[in-house]
Amino acid sequence: MAEAKRIDGKAVAARIIETVKASTETLKAKTGTAPGLAVVIVGEDPASQVYVGSKAKTAKECGFTSIKHELDAETSEETLLKVVRDLNADPAVNGILVQLPLPKHIDEAKVIQTIDPDKDVDGFHLINVGRLSTGALAEAFVPCTPAGSMLLVREVLGDDLSGKNAVIVGRSNIVGKPMAQLLLAANATVTIAHSRTRDLQAVCRGADILVAAVGRPEMLTGDYVKDGAVVIDVGINRIEAPEKGLKEDGTPKTRLVGDVNYAEASEKAAAITPVPGGVGPMTIAMLMANTLRSACRVAG
Ligand code: GUN
């Protein structure tokens, strides 16, 4: 097979951000107010800090009001719930995102269920999960990573996936399960595979659309990929890269890789997302789209 087409998530995301910017201008001219996005982070996890920083920065670039609550790792559950309730009550806030994971002493489910479903731009509240799984897509906020992954599938295959076999590796509430719902809504035949699946390689080789969301660096080698498949790599893993030399502290430099071995898979696939530059930028773009949509709903 010829080398796979590289699906440029960065370019697609940039296009979405431009549309969001333009619509934000229109909304501001009409109502005099900007969409507001509040991001809440508890603790100092470095990866979460980076994600939250780029979400807040992109929100500003879109012309939104961006609010960041940084709470220390010892913050009590009650204090965090109060922050969420105050954001629910604030008319300037259209979207609320509480970065996960939360420290162990906080009940994540309780925090998520406290977010107003109509400001739940992550799409994690049970009301939005229910809307998505019953096909009420017009009302649902769809989780950003699967929503963005789905747009990348559509870039290659179009809107109707009738007759396509889709396999998702990973069954998380944030990616695997909502991705299955979206693919199903687009008429694909969907399998969710996971760590207990028997003969994972054979299952994956049946996939016309293969979505990897397992969090294990380069686990899906070329042997997992069918000729001509569309491969969506949701994984973002940092691994040591001794070939790049050493950092100042003497430890090896690192690089980002996905859950798919890109070099091997791209010899089989028709199209594949790179890491970085594939699904990652789409997640942030969809968060902006969801926040704008929330603000437009309020504006009528
Ligand atoms: N942690 C990892 N991904 C996400 C996400 O999409 N939203 C939130 N809130 N936390 C995350």
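This is a predicted model: local features need pLDDT of at least 70, side-chain atom pairs count only at pLDDT 80 or more; totals for chains, interfaces and linings use all residues.
By class, which residues does the shell around the ligand have?

The shell around the ligand has five nonpolar, three polar and one charged residues. By name, the residues around the ligand are Leu97, Val98, Gln99, Leu100, Asp122, Cys144, Thr145, Ile174 and Thr283. Two elements, β4 (95–98) and α6, supply at least two residues each to that shell.

Now the domains. The protein is divided into domain 1, which covers 32–127, and domain 2, which covers 144–279. Taken over C-alpha atoms, the centres of domain 1 and domain 2 are separated by 27 Å. Where does the ligand shell lie relative to domain 1 and domain 2? Both domains give residues to the shell around the ligand, so the shell lies between them.

Next, the helix pairs. Two packed helices are described by the angle between their axes and the distance between the axes.

Take α6 again, the helix that contributes to the ligand shell. Helix α6, residues 144–157, packs with helix α7, residues 176–185, at an angle of about 40°, and their axes are 8 Å apart. That angle makes α6 oblique to α7. Angles under 35 degrees would count as roughly parallel. The crossing of α6 and α7 is right-handed. On the α6 side, Pro146, Ser149 and Met150 make the contact, and they meet Pro178, Met179 and Leu182 in α7. The residues of this contact divide into five nonpolar, one polar and no charged.

The other pair is helix α1, residues 9–31, with helix α10, residues 279–299. The axes of α1 and α10 come within 9 Å and cross at roughly 20°. Helices α1 and α10 are therefore roughly parallel to each other. Is the crossing of α1 and α10 left-handed or right-handed? It is left-handed.

As for the residues involved, the α1 side of the contact includes Gly9, Val12, Ile16, Val20, Leu27 and Thr31. From α10, the contact includes Val279, Met282, Ala285, Met288, Leu292 and Ala299. Lys10 and Lys30 of α1 are also among the contact residues. By class, the residues of the contact of α1 with α10 divide into 17 nonpolar, five polar and two charged.

To go back to the opening question, the ligand shell has five nonpolar, three polar and one charged residues, and it lies between domain 1 and domain 2.

How values were computed
Residues are numbered from 1 along each chain as its sequence is written. Axes are lines fitted to C-alpha atoms, for helices over the stretch in contact, and angles run from 0 to 180 degrees between N-to-C directions. Helices (H or I, at least four residues) and strands (E, at least two) are DSSP runs, numbered from the N terminus. Angles under 35 degrees count as roughly parallel, over 145 as roughly antiparallel, 65 to 115 as roughly perpendicular and the rest as oblique. A crossing is left-handed if the near helix is turned anticlockwise from the far one by less than a right angle, and right-handed if clockwise. Two residues are in contact if their C-beta atoms, placed from the backbone, lie within 7 Å. Ala, Val, Leu, Ile, Met, Phe, Trp, Tyr, Cys and Pro count as nonpolar, Asp, Glu, Lys and Arg as charged, and the others, Gly among them, as polar. A residue is near a molecule or strand if its C-beta atom, placed from the backbone, lies within 6 Å of it. Domain bounds come from an automatic or database domain assignment.
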